[in-house]
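Thanks for coming. Please have a look at the sequence and the structure, and then I will go through a few parts of the model.

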Amino acid sequence: MATPQATIERAPAGPGAGQAAPAGPDGERRDIVRAARTVLAREGWRHCTAEATAAEAGVEPAAVGRHFPDHEQLLLGVLLDSSASVAASLASVAEGYLAEIHDLREDLIALGRAWLAPLEAFREHFAIVRHISAEVTHLPADAIDKWQATGPRQARRELARRLQQVAARGLLDIADADQAAERFILLVPSSVVQRSFHGALPLGRLEEDALIADGVDDFIRLYGPTSR
């Protein structure tokens with residue numbers, strides 16, 4: 001299935017690292033998309049105008065309108081693609097850390113730490129998220145729901161599926177896997193995410209470790225095999 005980015009770019013894969021983008025409409029289109037992402041991360045939704053995108057891309061404003069007559073849809077496409085990329089990364093984390101359980105507590109702690117890796121790997125995305133949190137009342141009505149469905153809710157569904165598999169092995173006592181996944185996210189990685197303002201002000205390793213371990217202990221108290 002095509003990603004939102006594939007839809008808005010409608011062009012073959014870009015050149016290898018260190019190579020310049022090809023000349024012509026396709027290269028210009030990709031430059032505009034990348035510029036919109038950069039400005040969105042730096043300035044937020046309301047200030048990511050077609051003019052600002054054009055200036056970042058080094059093109060005339062008319063070029064932005066030629067490729068993307070609806071600039072708002074360009075921003076939504078950038079947001080959805082960014083969210084889908086993070087969700088895919090987190091799905092891989094859930095698969096990698098829950099496929100086999102050797103020590104439930106230690107493996108869940110490792111999962112919690114790995115769940116935080118996108119804060120560094122997708123710094124531009126979380127800069128966008130910080131702006132969205134501040135501008136939520138100014139975004140288009142359907143943008144927030146589409147963002148949540150493509151990103152956070154998709155990641156939670158994948159985590160729920162993996163937690164249900166762990167429960168099927170008798171290692172967790174879970175009646176509602178989606179709720180359990182939401183609780184894990186709230187108790188474990190979200191404590192670090194909130195205190196660090198989505199990675200803008202990173203915490204020290206000892207503080208992160210303590211928050212993650214405390215959250216995992218709370219999660220096991222709720223869903224451990226002898227908790228009911």
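Helix α11 and helix α13 are roughly antiparallel to each other, a label for angles over 145 degrees; under 35 degrees counts as roughly parallel, 65 to 115 as roughly perpendicular, and the rest as oblique. α11 covers residues 177-187 and α13 covers residues 205-223; they pack at an angle of about 155°, with axes 8 Å apart. Axes here are lines fitted to C-alpha atoms, for helices over the stretch in contact, and angles run from 0 to 180 degrees between N-to-C directions. Helices (H or I, at least four residues) and strands (E, at least two) are DSSP runs, numbered from the N terminus.

Which residues meet? From α11 there are Gln179, Ala180, Arg183, Phe184 and Leu187, and from α13 there are Leu211, Gly215, Val216, Asp218, Phe219, Leu222 and Tyr223. Contact means heavy atoms within 4.5 Å. By class, the contact of α11 with α13 has eight nonpolar, two polar and two charged residues. The classes are: Ala, Val, Leu, Ile, Met, Phe, Trp, Tyr, Cys and Pro nonpolar; Asp, Glu, Lys and Arg charged; the others, Gly among them, polar.

A word on what we are looking at. This is a predicted model, in which local features need pLDDT of at least 70 and side-chain atom pairs count only at pLDDT 80 or more, while totals for chains, interfaces and linings use all residues. Residues are numbered from 1 along each chain as its sequence is written, and side-chain values use heavy atoms, with hydrogens and water left out.

The average pLDDT (the predictor's confidence in each residue, from 0 to 100) is 87 for the protein chain, and 88% of the residues score at least 70. Over residues 1-23 the pLDDT is below 50, and this stretch has 34 contacts in the model beyond near neighbours in sequence.

Now the overall make-up. The protein chain has 13 helices and zero strands. Of its 228 residues, 45% count as buried, meaning under 20% relative accessible area; exposed is over 50%, and partly exposed is in between (1.4 Å probe, protein chains only). Among contacts with a separation of 6 or more, 66% involve residues 24 or more positions apart.

Next, a second pair. How do α5 and α10 run, parallel or antiparallel? They are roughly parallel to each other: the axes of α5 (residues 71-98) and α10 (residues 152-168) cross at roughly 10° and come within 8 Å. On the α5 side the contact includes Ala87, Leu90 and Ala91, and on the α10 side it includes Leu159, Arg162 and Val166. By class, this contact has nine nonpolar, one polar and three charged residues.

Now some single residues. Leu104 is in helix α6, residues 104-115, and counts as buried because its relative accessibility is 17%. Leaving out residues up to four places away in sequence, Leu104 touches Leu171, Leu172 and Ile220. Ile220 is 116 residues from Leu104 along the chain, yet their C-alpha atoms are separated by 8.6 Å.

Last, the loop between α12 (189-195) and α13, where Phe197 is found. Phi of Phe197 is near 55°, a positive value in a residue other than glycine. His198 lies in the loop between α12 and α13, and phi of His198 is near 55°. His198 is buried, with a relative accessible area of 17%.
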